[in-house]
Amino acid sequence: MPVNTDAVGRAYGPHEPYEVTRVKIREFADAVDARSFAHLSEEAARAEGYPDVVAPTTFAVVIAQRAEFHVVVDPEVGVDFSKVVHADERFTHHRPIVAGDLISSIVHIDSIAQRGGISMVTTRTELVDEDGAPVSTVVSTLAVREEA
Amino acid sequence: MTAENRPAFDGLEVGQVVAERDVELTRDTLVRYAGASGDFNPIHYNDVIAESVGLPGVIAHGMLTMGTAASVVEEWAGPGNVRDLQARFTRPIPVPNPGAAHVQFTAKVGALDAEARTARIDVTVEFDGQKVLGKAQALVPCS
């Protein structure tokens, strides 16, 4: 079953807020070889002008991929996860993410383009803080191969 | 993005290499990234499943490659100073077991905006002599 192009414009969320912790930032920094002490130590982060340890650039994917999962599992969208390849990704940060943030997300299906047996599904996840102020916009495209 | 830790704009030149790094990706690296990111797609740790969907074997998460590229840029830009980052995943990186995939990251000044005092940093990521990311670009506000 091909991906349903009528799903363009759908939105999911806001989901349960994600609590950003120092431990998770440290784990993520280790995993992507981010070497600044500002990811590890509150003191080092303060010296750089942040209120607490600051997340690496792509940390927002931890929150965005949770949101995008709601699109992938929606039977009315029709994505077969075993046929998915990640095509592209973009982060636009309105401010850096720091430990202690409580971040809510809404994911939008912005476009579905079908060509040559592949559906390109582009989602945009908007991350906002407790005050509703924008934190990051994460745009992701999945390439879904259709049945031969 | 704080005023305290931005890199200096003056003196930057288009084409200048601002940071580079050689990274060895192993199965250990992949499992670590899976746990840290929550991306447990089995094509990143299970050869049988990876081959069943037509891959040569386990491949690295595209987001691990992009995240590492971001860390290389951050090494110059300062933590939290990449305002915008994009990339296309054009080629998979197969990660052998045992062994390692050797990946080279090079971050260069791609463009400068004197009015906004921002630098566009272009990251080249090469594996086996071929680029694995397309249009990998970071926007960095400078002082």
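Student: How are helices and strands picked out and numbered?

Tutor: Helices (H or I, at least four residues) and strands (E, at least two) are DSSP runs, numbered from the N terminus. Read along its sequence, chain A follows β-β-α-α-α-β-β-β-β, with 3 helices and 6 strands. Bear in mind that this is a predicted model, where local features need pLDDT of at least 70, side-chain atom pairs count only at pLDDT 80 or more, and totals for chains, interfaces and linings use all residues. Residues are numbered from 1 along each chain as its sequence is written, while chains are lettered from A and ligands numbered from 1 in the order in which they are written.

Student: What percentage of the residues in chain A is buried?

Tutor: A residue is buried if 20 or more other C-beta atoms, placed from the backbone, lie within 10 Å of its own. In chain A, 40% of the 148 residues are buried. The C-alpha atoms of this chain fill a box of roughly 55 × 30 × 20 Å along the principal axes.

Student: Over to chain B. Which strand is joined to β1(B), and in which sense do they run?

Tutor: Two strands pair if DSSP finds at least two bridges between them. Here 8 bridges join β1(B), residues 17-25, to β3(B), residues 101-113, and the two run antiparallel. Within this pair, Val17(B) stands opposite Lys108(B).

Student: And how many bridges link β3(B) with β4(B)?

Tutor: There are 10, again in the antiparallel sense, with β4(B) covering residues 118-127. Phe105(B) has Val125(B) as its bridge partner. The two strands form a hairpin with 4 residues between them, and Arg117(B) in the turn has a positive phi of about 50 degrees.

Technical notes: Buried ≥ 20, exposed ≤ 12 C-beta atoms within 10 Å, placed from the backbone.
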